[in-house]
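Hello,

Here is the structure I promised to pass on to you.

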Amino acid sequence: MESFFTESRTWAGGPYLHFIAALDHPAYVTFAQAHHDLLAGYGDGVGIVPAPWLHWTVQGIHRQLDENEVERTVRAVRERAKEAKPVSVTMGPTWPGPSTVTTAMYPEEPLSAISELVREAASAVIGVEAGKSDKSYWPHSAIAYFRAPDVHDAVFNRGLRKIRPPRVDITISRLLAVYMHQDRDLGFYTWIPIAEVPLGVHAADARASEVVVGGNRSLETYDSAPPWGDPAVDYEVEVGRLAVQPPLAEDQVRQEAAINNLLEDSTYFGDGEPAMSVWPDTVTVACERPSGAGVCGSTRLRVRGSWNRPAVVICEHGHFWTDSVEVMREVIVAAAPGR
């Protein structure tokens, strides 16, 4: 047996562009965590992969790319990924390898096809070499990396086989383009997300030409349930443009409160009622991710999430960021049928 982070496996540079599927699905997280008691008994000799960093590596590009090359590669992969489809995957069983504990992924054929598609798209970009096709590609997800050569022995092997949690089924519908980092101190891989890569062409559940956040007051009006649909359902809404209504400044809020109190007391104003504060104009949300020599600036957006889950805002180029539950609720309200 051997430590995973040997000299031959340690990156000289990095982080490097990778295309992965994040596997933080609750069912798979529970599956992986069923092994943690055994793994924790080996202390620093094992790098246990936490839930946020569970993944399937679809394709890595192990050389430095400049920002322009990254942008072109991601766009090429996103375009080719429209030819693919979401795939249902069975996770399990778990296998003790010579340097990792891995979870098998079945069926292998559609996963291998996705990997080949990404490899071809990335390799087609001038200056990017994504490696040769590997017909023996083996889809898997690591749940732990050995950090010492004496971890994996007969006792470890028997202990791992005794756990055998039920296999779980998940659906992979999108990949992530990330800057992958080999964190030897932690004993596993982490990443910085760059863009989402949907598999196939996804029709939005609802559409709205523009959503103005700050006008519907959805959190106050619909505190427990949406006005339509199931609060647990995931929505992916084409908002076109997302506009934000800035709140009043604190001094304006205090002024309005004072005036409202006077009006409620039926106070007479000889010169007429004082003017209320003027709400600021709406501001259109634009993607602020660095791109080329400046920033992306796209205002063509999709919003994904549920009534009780924060919004993920995605621009037309696949850059994404997380916003609040309140934003997601207002998008759902604005996209309600008939509005």
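Let me begin with the open sheet: five strands make it up, in the order 2-6-5-4-7, with antiparallel pairing. Its edges are strand 2 (46-48) and strand 7 (168-172), each of which pairs on one side only. From one strand to the next, the twist averages 30°. Please bear in mind that this is a predicted model.

A handy place to start is Ser-88, whose bridge partner in strand 7 is Thr-171.

Now for the helices on this sheet. Helix 4 (residues 108-123) lies across strand 4, strand 5 (100-106) and strand 7, and runs at about 105° to strand 4. Helix 5 (residues 154-163) also packs on the sheet, where it touches strand 4, strand 5 and strand 6 (140-146). The direction of helix 5 makes about 145° with that of strand 4.

Which of its residues are buried? They are Phe-156, Gly-159 and Leu-160. Viewed down the helix axis, the buried residues fall within an arc of 100°, so they line one face of helix 5. Their packing partners are helix 2 (36-40), strand 4, strand 5 and strand 6.

Both ends of helix 5 have something to show as well. At its start, a side-chain oxygen of Asp-153 comes to within 3.2 Å of the backbone nitrogen of Val-155. After the helix comes Arg-164, with a positive phi near 40°.

The other part I would point you to is strand 8 (residues 174-183). Eight of its 10 residues are buried, so strand 8 is largely enclosed by the rest of the structure. Strand 8 pairs with strand 1 (residues 16-22) in the antiparallel sense, over five bridges; within that pairing, His-18 has Val-178 of strand 8 as its bridge partner.

Strand 8 also pairs with strand 9 (residues 188-198), again in the antiparallel sense, this time over 10 bridges. Here His-181 stands opposite Thr-190 of strand 9. The hairpin of strand 8 and strand 9 has four residues between the strands, and Gly-187 takes a positive phi near 90° there.

Best wishes

Notes
Residues numbered from 1 in each chain as written. Predicted model: local features only at pLDDT ≥ 70, side-chain atom pairs only at ≥ 80, totals over all residues. Heavy atoms only, no water. Pairing = 2+ DSSP bridges. Helix = DSSP H or I, 4+ residues; strand = E, 2+ residues; numbered from the N terminus. Axes fitted to C-alpha atoms, helices over the stretch in contact; angles between N-to-C directions. Contact = heavy atoms within 4.5 Å. Buried < 20%, exposed > 50% of the residue type's maximum accessible area, 1.4 Å probe, protein only. Arc of directions from axis to C-beta. Polar contact = N/O pair within 3.5 Å; in protein donor to acceptor, adjacent residues only side chain to side chain.
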